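Open the model in your viewer and show it as a cartoon. Keep the selection tool at hand.

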Amino acid sequence: MSGEERKLQKDTRVLVTGAGGFIGGHLVAEFRKQGKRVRAADVKPLDKWYQRFDDVENLHLDLNIKQNCEIAAKGVDEIYNLAANMGGMGFIEHNKALCMLSVLINTHMLQAALNHGCQKYFYASSACVYNADKQKTFAAPSLKEEDAYPAMPEDGYGWEKLFSERMCRHFREDFGLYTRVARFHNVYGPWGTWFGGREKAPAAICRKVIEAKLQGAHEIEIWGSGDQTRSFMFADDCVKGIELIANSQILEPINLGSTEAVSINQLVDVVEGIAGIKLKRSYNLSAPKGVNGRNSENTLIKKYLNWEPDTTLQAGLEKTYAWIYDQYLARERGDAGVVRESSAAG
Ligand code: NAD
């Protein structure tokens, strides 16, 4: 990077919304490392943020409220909107209205971006926008960007994402706002939710295996038949992809995901291998399990960026398992400061 580019980076003021959450926390960490001036905003009280850096501007704001979006957007050059009320299948299947209410965040943030002359607006969409009919088989259908239409997304959460994607498009076309949208496919890694009901499959399985190992149990519960297929993207790849897409000429929503598709049973195999145990699996067929098969089709991202997420599931899960293991033990010790609310100052 040239001296001029470094200076530009330092002068760039960025807003990350949902900064108290999993991916938002990683994005703040990365921008801060690059020397950007970061404003971080989240509805959670500061002591509940997964990663919090005391040398960035941290704002405790409910971004459903328009005035708060104006406060957050004032004086920033770029907005990365990751705030959403979401969780794994257990959460989104039972909280459709809450998920849809996140439409207020993106609506008000887009308006605020326009009002304050922001130069860049990134929106975190999801593979849950894809048409359910294209995900009926276990054989991990790879979803191309065009497969979002005709629209039949995940009820609640997916509809909100699809609508918000479209709003980004029309703010770009009608008002000239620079918007970029990525469809994340199952992100996992350290600093993610790993208990409490909003956790996703990789974290939930790591926790169950750790629990069984530490308590000497021989069986774990799996949601569904274990045949459902997914691909999982490590958090570092997600952060890199967000930056690349935000700075690209890619105008339409694009997949940001790994193509390493596995069944949930294979995911459990990997975690068991890391833990060094083998457990009996009890399949809960009435638990939320989502679509049967979903994978990312990466032709477009490779064409535009000459890059795609490439951390192997094994490598990413080793780091994630080790982190959850430490958090689990910290929680057992009653060390709440380490469990989820770590402050990463300095
Ligand atoms: P997360 O739940 O850890 O983070 C989201 C954050 O948004 C939370 O900290 C939450 O408190 C905050 N938030 C919710 N409502 C808010 C409000 N009204 N005002 C301000 N902040 C609010 O989730 P994550 O995994 O980090 O996801 C980040 C983004 O990526 C979300 O938009 C999500 O839909 C999207 N996404 C994530 C995944 C994944 O696998 N993690 C997959 C697809 C899309």
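The tour goes from the whole chain to single side-chain pairs.

**Whole chain.** This is a predicted model. Color by pLDDT: the protein averages 93, and 94% of its residues reach 70 or more. Now select residues 338–346. Here the pLDDT is below 50, yet the stretch has 31 contacts in the model beyond near neighbours in sequence.

Zoom out again. The C-alpha trace spans about 55 × 45 × 40 Å along its principal axes. How does the radius of gyration fit a compact globule of 346 residues? The protein has 20 Å, which agrees with the value near 20 Å for such a globule. Switch to secondary structure, and you will find 13 helices and 15 strands. Of contacts between residues at least 6 apart in sequence, 78% join residues at least 24 apart.

**Surface.** Buried residues make up 55% of the 346. Select Leu-98, Leu-101 and Leu-104. They form a nonpolar surface patch with about 230 Å² of accessible area together. Leu-101 sits in helix α5, residues 96–101. Its relative accessible area is 44%, so Leu-101 counts as partly exposed.

Go to Ala-315 in helix α12, residues 313–332. Ala-315 is partly exposed, at 34% relative accessible area. Draw a C-alpha to C-alpha distance to Lys-36: it reads 29 Å, across 279 residues of sequence.

**Salt bridges.** The count comes to 22. Start with Asp-77 and Arg-13, whose closest N and O atoms are 3.1 Å apart. Asp-77 lies in the loop between α3 (66–73) and β4 (78–81), and Arg-13 in strand β1 (residues 13–17), so the pair ties together parts 64 residues apart in sequence.

Step along to Glu-78, which forms a salt bridge with Lys-120 at 3.6 Å between the closest N and O atoms. This pair links strand β4 to strand β5 (residues 120–126), 42 residues apart. Both Glu-78 and Lys-120 are buried.

Next, pick Lys-136 and Asp-133, which meet in a salt bridge at 3.0 Å, N to O. Lys-136 is exposed at 55% relative accessible area; Asp-133 is partly exposed at 43%. For the last stop, select Arg-169, Arg-172, Glu-173 and Glu-252. Salt bridges that share partners join these four residues into one network.

Conventions
Residues numbered from 1 in each chain as written. Predicted model: local features only at pLDDT ≥ 70, side-chain atom pairs only at ≥ 80, totals over all residues. Heavy atoms only, no water. pLDDT = per-residue confidence, 0-100. Contact = heavy atoms within 4.5 Å. Patch = residues over 30% accessible without salt bridge, like charges linked within 9 Å, V, L, I, M, F, W, Y side chains within 5 Å. Areas by Shrake-Rupley, 256 points an atom, 1.4 Å probe, with all protein chains shown as cover. Salt bridge = Lys/Arg side-chain N within 4 Å of Asp/Glu carboxyl O. Helix = DSSP H or I, 4+ residues; strand = E, 2+ residues; numbered from the N terminus. Buried < 20%, exposed > 50% of the residue type's maximum accessible area, 1.4 Å probe, protein only. Rg over C-alpha atoms; globule rule 2.2 N^0.38 Å.
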